[in-house]
Amino acid sequence: MKIFNTILELQAELKTQRDKKTTPNIALVATMGNLHDGHISLVKLAKQKADMVVVSIFVNPTQFGVDEDFDSYPRTLDDDLDKLKTANVDIVFAPSVNEMYPSYPPNVQVLSGEITKILCGKSRPTHFDGVGLVVSKLFNIVRPDMAIFGKKDYQQLAIIRQLNDELNFGIEIIGAEIVRADDGLALSSRNGYLTPDERAIAPVIQQTLQKIKADIQHSSFENYADIMQKHHDELTNTGLKVDYLSLYNDKLQAVKPSDKNLVVLTAVFVGKARLLDNLEIGL
């Protein structure tokens with residue numbers, strides 16, 4: 001496993017690999033570090049689909065808003081590198097903020113439009129523009145054939161698909177299934193913020209989504225709003241603060257009666273941890 005901290009060194013290595021007689025198929029897995037089994041599942045999927053896997057580790061300041069947890073976000077590089085070495089990753093790119101953003105705040109922005117204003121975008125209005133910028137930079141730096149992103153951040157995945165299409169990156173964007181603990185809780189770096197009592201109650205999030213899926217599949221379009229309100233109230237009554245609990249089609253557009261592929265998405269505060277989850281619903 002080779003580790004690079006600068007863009008020029010990384011690109012020189014990738015050029016060397018591409019110049020070989022057998023051009024490698026390169027996959028990118030973009031992370032902010034503090035890796036868990038969910039991240040490693042992305043790496044394993046990338047290993048299945050590509051000849052060479054590049055994992056980036058970069059806590060990106062442009063996607064953190066005012067009073068968010070940029071400074072306290074866990075940075076566990078040595079442990080992350082051990083996990084990636086065990087997973088047989090080929091290249092790790094771990095740049096500094098100065099390396100990624102020589103001018104900060106950056107002069108150039110990547111704005112992804114209306115899709116950034118719903119769901120997480122309501123409470124984090126600059127978040128997805130920061131994601132769009134760093135992902136665009138990583139796509140340009142690595143120039144991968146494919147990139148693997150987890151479906152847990154469903155809105156992020158939809159935005160990256162749009163970004164890839166509209167800016168003509170020509171990269172195959174692959175959505176990887178959510179990795180869960182035995183009790184159904186989606187794995188997340190922010191689960192580390194949970195106290196034992198909070199961790200015990202957190203699985204109610206996934207349980208609620210499963211109930212919504214069952215209700216939607218056994219109901220009609222006219223009842224969707226009532227179903228969502230009922231389960232929103234139930235989740236609130238457990239003592240958790242619901243940021244949103246919403247139903248969209250799989251393109252994150254308002255649901256129409258003709259839609260057959262839906263997704264229910266939620267963000268819930270469990271203590272100070274804001275946890276995301278979603279569940280796809282096929283009709």
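Is histidine 39 buried or exposed? I looked that up first: histidine 39 is buried, with a relative accessible area of 15%. For my own reference, buried means under 20% relative accessible area, exposed means over 50%, and partly exposed is in between (1.4 Å probe, protein chains only).

**Ground rules**

I'm working with a predicted model, where local features need pLDDT of at least 70, side-chain atom pairs count only at pLDDT 80 or more, and totals for chains, interfaces and linings use all residues. Residues are numbered from 1 along each chain as its sequence is written, and side-chain values use heavy atoms, with hydrogens and water left out.

**Whole protein**

I found 10 helices and nine strands. Helices (H or I, at least four residues) and strands (E, at least two) are DSSP runs, numbered from the N terminus.

Next I checked the overall size. The C-alpha trace spans about 60 × 40 × 40 Å along its principal axes. A compact globule of 283 residues would have a radius of gyration near 19 Å, and the protein has 19 Å, so the two agree. That radius is taken over C-alpha atoms, and the globule rule is 2.2 Å times the number of residues to the power 0.38.

Buried residues make up 51% of the 283. I also looked at contacts, meaning heavy atoms within 4.5 Å. Among contacts with a separation of 6 or more, 71% come from residues 24 or more positions apart.

**Back to histidine 39**

I placed histidine 39 in helix α2. Leaving out residues up to four places away in sequence, histidine 39 touches Thr31, Gly33, Asn34 and Ser189.

**Helix α2**

I tested the length of α2 (residues 37-49). At 1.5 Å a residue, its 13 residues should span 18 Å, and the end C-alpha atoms are 19 Å apart, which agrees. The expected span is 1.5 Å times one less than the number of residues.

Which residues of α2 are buried? I noted Gly38, His39, Ile40, Leu42, Val43, Leu45 and Ala46. The buried residues of α2 pack against β2 (26-31), β3 (52-57), α3 (77-86), β5 (146-150) and β6 (172-176).

**Helix α6**

Then I checked burial: 14 of the 16 residues of α6 are buried, so the helix is largely enclosed by the rest of the structure.

Asparagine 34 has a positive phi of about 50° although it is not a glycine. I found asparagine 34 in the loop between β2 and α2, and at 16% relative accessibility it counts as buried.

Arginine 143 has a phi near 50°, also positive in a residue other than glycine. At 58% relative accessibility, arginine 143 counts as exposed.

Where is there a cis peptide bond? I found one from tyrosine 104 to proline 105, with omega near 0°. Proline 105 lies in the loop between α4 (97-100) and α5 (120-123).
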